[in-house]
Amino acid sequence: MVDVILGLQWGDEGKGKIVDYFAPKYDMIARFQGGPNAGHTLYVNDKKIVLHQIPSGVFHENTINLIGNGVVLDPITLRKECEAVASFGVDFRKNLYIAQRAHLIIPTHRALDRASETSKGNEKIGSTLKGIGPAYMDKTGRNGLRVGDLLDKSFTTQYIRLRLKHQKLLDGFNYHEDISQDEEEFFDALDFMRSFKIVNGEYFINDNLQKQKKVLAEGAQGSMLDVDFGTFPFVTSSNTISAAVCTGLGVAPQRIRDVIGVSKAYCTRVGSGPFPSELLDGIGEELRRIGSEFGATTGRPRRCGWIDLVALRYASMINGVTKIVMTKADVLDAFEELRVCTAYNVNGAKSEEIPFQMTRMHLEPVWQSFPGWKIDTSKINSCGNLPSAMKEYIRFIEGFLHVPISHISNGPGRDQLVVNG
Ligand code: GDP
Ligand code: IMO
Ligand code: MG
């Protein structure tokens with residue numbers, strides 16, 4: 001059986017914390033897409049760590065962690081992450097496995113990301129510049145290098161061939177940069193990686209499923225950043241939704257049981273692109289300040305706004321969400337009045353659907369207001385003690401989405417999670 005945890009908004013919903021919380025119930029945690037553009041924050045013994053590629057189950061001694069074939073993997077970042085994890089006293093080599101079909105991010109992928117963004121002028125995607133787009137382009141273009149290739153003696157020849165292709169592209173952008181230091185670090189990191197447990201991911205996971213082991217698939221980014229269903233072109237380069245679990249791990253759809261969607265009690269986005277419920281006023285600033293809304297990967301300030309139920313309903317539909325974990329509910333403690341976006345006004349007409357192309361139209365959110373609760377909820381540990389105004393807010397969202405909110409997260413700490421029921 002496979003359960004899935006994924007983001008329902010534009011990323012940074014708190015997936016890392018929620019995966020870490022649920023991990024003890026599973027035998028294996030598996031990342032199925034994305035790469036080091038992700039930044040998943042965990043608190044372990046009250047100490048913060050941000051994971052980029054290693055699954056968020058790594059701090060649980062008996063949990064296997066698999067980096068699946070759908071991931072684009074950066075060896076340099078992996079090495080740094082492993083060192084950070086080791087500083088917590090964790091023997092990462094014991095339970096970390098890498099699928100041989102996962103594609104590698106090489107230094108020129110990052111250079112191409114920078115060149116591409118620079119060439120876009122005012123139309124920048126706001127990429128994390130981790131080489132994600134160029135690496136996925138090489139995958140679908142059938143040029144990429146895979147983790148399994150590392151073990152082949154022709155690897156260096158393959159690498160040089162790809163690097164030459166990239167050089168031509170970089171010349172086309174008229175982009176010149178010395179990446180020799182990056183390359184040196186890259187080859188060191190490859191040596192480090194060769195000693196990992198590199199496995200045939202699809203057999204590995206299916207053998208475990210056959211033995212009745214429980215798998216939790218960990219998503220990165222968010223559904224509104226999905227390359228097909230997100231706010232294209234302001235999206236990432238992978239499918240981030242539940243369907244990607246099948247292709248990103250090699251499991252059949254009927255293996256999937258629960259799809260647990262993570263959503264903030266409000267909404268954020270980092271990078272460019274449409275964000276209908278964004279608040280460009282003092283309230284948006286307050287959300288950023290109280291919620292410490294700065295990117296876990298790039299440190300950029302996150303754009304903030306009220307929760308967008310049109311987008312959430314859409315995300316619940318395409319993912320088949322069976323329950324929702326609502327995070328950062330405590331951030332709303334300070335507000336007198338809360339709002340939720342229930343529809344969009346598009347050129348004077350009301351719509352409850354995500355349009356084909358948000359960038360070329362004027363969207364006005366339709367709001368519904370709710371009273372705030374104005375008390376500190378961060379230490380509450382049972383549903384009965386939650387303020388009635390918060391319960392009303394949650395009940396409305398559940399009714400609107402027709403999906404139960406199973407848990408409410410009320411702080412970044414591991415144990416700050418209230419079961420709703
Ligand atoms: P992810 O990428 O989805 O794993 O999320 P990030 O780690 O990028 O961003 C979530 C941020 O919110 C991190 O700084 C978390 O420590 C923090 N966080 C998670 N849940 C809560 C919560 O319930 N309340 C508060 N105040 N912070 C939270
Ligand atoms: P986690 O897993 C938030 C955004 C970038 C940019 C767009 C494309 O921590 O939720 P890319 O680097 O993929 O080419 O960037 O997607 N983005 C994220 N935003 N959280 C993330 O991951 C993100 N990963 C990418 O800011 O707008
Ligand atoms: Mg993040």
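This is a predicted model: local features need pLDDT of at least 70, side-chain atom pairs count only at pLDDT 80 or more; totals for chains, interfaces and linings use all residues.
Helices and strands are named here as DSSP runs, helices (H or I) having at least four residues and strands (E) at least two, numbered from the N terminus.

**First stop: ligand 1**

Select ligand 1 and display the residues with a heavy atom within 4 Å of it. This shell holds 19 residues, and the closest are K15, G39, T41, D330 and S409. Colour the secondary structure next: α1 (15-22) and β3 (40-44) each contribute at least two residues to the shell.

Domain 1 (2-101 + 198-260) and domain 3 (263-419) each provide at least three residues of the shell around ligand 1. Sorted by class, that shell comprises four nonpolar, eight polar and seven charged residues.

Now examine the individual polar contacts of ligand 1. Begin with S409, where a polar side-chain atom lies 2.5 Å from an oxygen atom of the ligand. Move to D330: an N or O atom of its side chain is 2.8 Å from a nitrogen atom of ligand 1. Then select K328, which places a backbone N or O atom 2.9 Å from an oxygen atom of ligand 1. Taken alone, ligand 1 exposes 580 Å², of which the protein buries 92%.

**Second stop: ligand 2**

Select ligand 2 and its surroundings. There are 20 residues around this ligand, and D12, K15, H40, T128 and T236 are the closest. By class, the shell of ligand 2 consists of seven nonpolar, 10 polar and three charged residues.

T236 has a polar side-chain atom 2.6 Å from an oxygen atom of ligand 2. At Q221, a backbone N or O atom lies 2.8 Å from an oxygen atom of ligand 2. At V270, a polar backbone atom is 3.0 Å from an oxygen atom of the ligand. Ligand 2 on its own exposes 550 Å², and the protein buries 98% of that area. The pocket in which ligand 2 sits is the largest one.

**Third stop: two backbone details**

Most residues other than glycine have a negative phi, and most peptide bonds are trans. Against that background, select F232 and P233, which are joined by a cis peptide bond with omega of about 5°. P233 belongs to the loop between β10 (215-218) and α9 (243-249).

Finally, select D46. Although D46 is not a glycine, its phi is positive, at about 65°. Where does D46 lie? D46 is found in the loop between β3 and β4 (47-51).

Methods. Residues are numbered from 1 along each chain as its sequence is written. Chains are lettered from A and ligands numbered from 1 in the order in which they are written. Side-chain values use heavy atoms; hydrogens and water are left out. A polar contact is a pair of N or O atoms within 3.5 Å; within protein, one must be able to donate a hydrogen and the other to accept it, and residues adjacent in sequence count only if both atoms are side-chain atoms. Accessible areas come from the Shrake-Rupley method with a 1.4 Å probe; for residues, only the protein chains shown count as cover. Ala, Val, Leu, Ile, Met, Phe, Trp, Tyr, Cys and Pro count as nonpolar, Asp, Glu, Lys and Arg as charged, and the others, Gly among them, as polar. Domain bounds come from an automatic or database domain assignment. On a 1 Å grid over the protein atoms alone, a cavity is a set of points where a 1.4 Å probe fits but cannot get out, and a pocket is an open set with protein on both sides within 12 Å along at least five of seven lines; lining residues have an atom within 4 Å of a point. A molecule sits in a cavity or pocket if more than half of its atoms lie within 2 Å of its grid points.
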